[in-house]
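Open the structure in your viewer and keep the selection tool at hand. We will go from the whole chain to single residues.

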Amino acid sequence: MGARRRQGAVMAAMPVLVLALLLACGGPPAAGQKRKEMVLSEKVSQLMEWTSKRSVIRMNGDKFRRLVKAPPRNYSVVVMFTALQPHRQCVVCKQADEEYQILANSWRYSSAFTNKIFFAMVDFDEGSDVFQMLNMNSAPTFINFPAKGKPKRGDTYELQVRGFAAEQLARWVADRTDVNIRVIRPPNYAGPLMLGLLLAVIGGLVYLRGSNLDFLYNKTGWAFAALCFVLAMTSGQMWNHIRGPPYAHKNPHTGQVSYIHGSSQAQFVAETHIVLLFNGGVTLGMVLLHEAATSDMDVGKRKIMCIAGIGLVVFFFSWLLSVFRSKYHGYPYSFLMS
């Protein structure tokens, strides 16, 4: 009988013990879950409020840690790490910021806009601690912080390979978040104006010289135009138009500017200008050699043209080869310059 009474007393005291344990652990699991939901709701509401005022949310270290790094989070955040202050002299940062603003505005004013993804920015002068926390030493850099887990390798945008055009960024965002953004650019009237100006010039020439259209049969003029087109295409101008690469790359910490991309899979705009200049120098040298061999000038002038042509071909071809070696590592051949 005594054993039964003790067992009954223990059973009666069980609810009290369970309640005490729950209170000691901070309450029932439902209470913890409710707190998480409240924190998440506050974070989403804050982000939505900021997005309604500005498509790209500017963050410092505290905002980044609270809204991007700290759980809970059921939304993705695409962050551009940049250095926009004038004393940083980061031209690429400003160019990338313009495209990033276009992408963010396209999402903000889209009919499909939701709180599934947000766009933010951390400037080096406003959040240098974030750069140190992420061991980041270059700008601009785009990173997607997914709703669950830590960023993976593919969540860091390959800027030097894909360029920073808004359309390229939108494809990357769609690949990482399954959010498709239709990029809507502001109206650009430069193309139609240039076309209209060209047509006006052609129409004016035809009107003024309607009785004499021999200039249309000028071989030198057509050859020069064709040569300019070939030099532009072989230097990579079409690739620039499609990919939208940065003009150059400046390290925000060291200040060192790179005009030649170190990979064979990408290029800078400045690099194409350099290649265009070198190709033009080689071409001019070949033209001088041809003129020296076929013109009716005196021998002395023809010798000078020949020496100048050889010098242009040799030096500019050597520079071209050095650029090629810097991009294709391990290429064994060089000429004059390594």
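Helices here are DSSP runs of H or I with at least four residues, numbered from the N terminus. By that rule, Gln-101 lies in helix α4.

**The whole chain**

Show everything as a cartoon. This is a predicted model. Look for twelve helices and six strands. The protein has 338 residues, and 33% of them count as buried. The accessible surface comes to about 21100 Å², with 62% of it belonging to carbon and sulfur atoms. How far apart along the sequence are residues that touch? Among contacts between residues at least 6 apart in sequence, 66% join residues at least 24 apart.

**The sheet**

Hide the surface and select the four strands β1, β2, β3 and β4. They form an open sheet in the order β1-β3-β2-β4. The pairing is mixed. Which strands stand at the edges? They are β1, residues 56-59, and β4, residues 141-145. Each has a single partner strand, so one side of each is left without a neighbour in the sheet. Turn the view to look along the sheet. Neighbouring strands are turned by 30 degrees against each other on average, ignoring direction.

Next, select residues 76-82 and 117-123. These are strands β2 and β3, which pair in the parallel sense over seven bridges. Pick out Val-77 there: Phe-118 in β3 stands opposite.

**Helices on the sheet**

Go back to Gln-101 and show its side chain. Is Gln-101 buried, partly exposed or exposed? Its relative accessible area is 24%, so Gln-101 is partly exposed; the range for that class lies between under 20% for buried and over 50% for exposed. Leaving out residues up to four places away in sequence, Gln-101 touches Val-56 and Met-121. Arg-54 and Gln-101 are 47 residues apart along the chain, and their C-alpha atoms are separated by 9.6 Å.

Move along to Ser-106, also in helix α4. At 4% relative accessible area, Ser-106 is buried. Draw two distances from its side chain. One runs to the backbone oxygen of Ile-102, at 2.7 Å. The other runs to the backbone nitrogen of Ile-184, at 2.9 Å. Which residues beyond four places in sequence are in contact with Ser-106? They are Ile-181, Arg-182, Val-183 and Ile-184.

Select Pro-71 and Pro-72. The peptide bond between them is cis, with omega near 0 degrees. Pro-72 sits in the loop between α3 (61-69) and β2.

Now select Ala-139 and Pro-140. A cis peptide bond joins these residues too, with omega about 0 degrees. Pro-140 lies in the loop between α5 (128-133) and β4.

Stay in that loop and find Asn-135. Its phi is near 55 degrees, a positive value in a residue other than glycine. Asn-135 counts as exposed, at 69% relative accessibility.

Then jump to Asp-178, in the loop between α7 and α8 (190-208). Asp-178 is not a glycine, yet its phi is positive, at about 65 degrees. With 63% relative accessibility, Asp-178 counts as exposed.

**The annotated spans**

Zoom in on residues 274-292. The span is 100% helix and 0% strand, and its end C-alpha atoms lie 27 Å apart. Finish with residues 304-324. How far apart are the end C-alpha atoms of residues 304-324? They lie 30 Å apart, and this span is likewise 100% helix and 0% strand.

Methods:
Residues are numbered from 1 along each chain as its sequence is written. This is a predicted model: local features need pLDDT of at least 70, side-chain atom pairs count only at pLDDT 80 or more; totals for chains, interfaces and linings use all residues. Side-chain values use heavy atoms; hydrogens and water are left out. Helices (H or I, at least four residues) and strands (E, at least two) are DSSP runs, numbered from the N terminus. Buried means under 20% relative accessible area, exposed over 50%, partly exposed in between (1.4 Å probe, protein chains only). Contact means heavy atoms within 4.5 Å. Accessible areas come from the Shrake-Rupley method with a 1.4 Å probe; for residues, only the protein chains shown count as cover. Two strands pair if DSSP finds at least two bridges between them. Axes are lines fitted to C-alpha atoms, for helices over the stretch in contact, and angles run from 0 to 180 degrees between N-to-C directions. A polar contact is a pair of N or O atoms within 3.5 Å; within protein, one must be able to donate a hydrogen and the other to accept it, and residues adjacent in sequence count only if both atoms are side-chain atoms.
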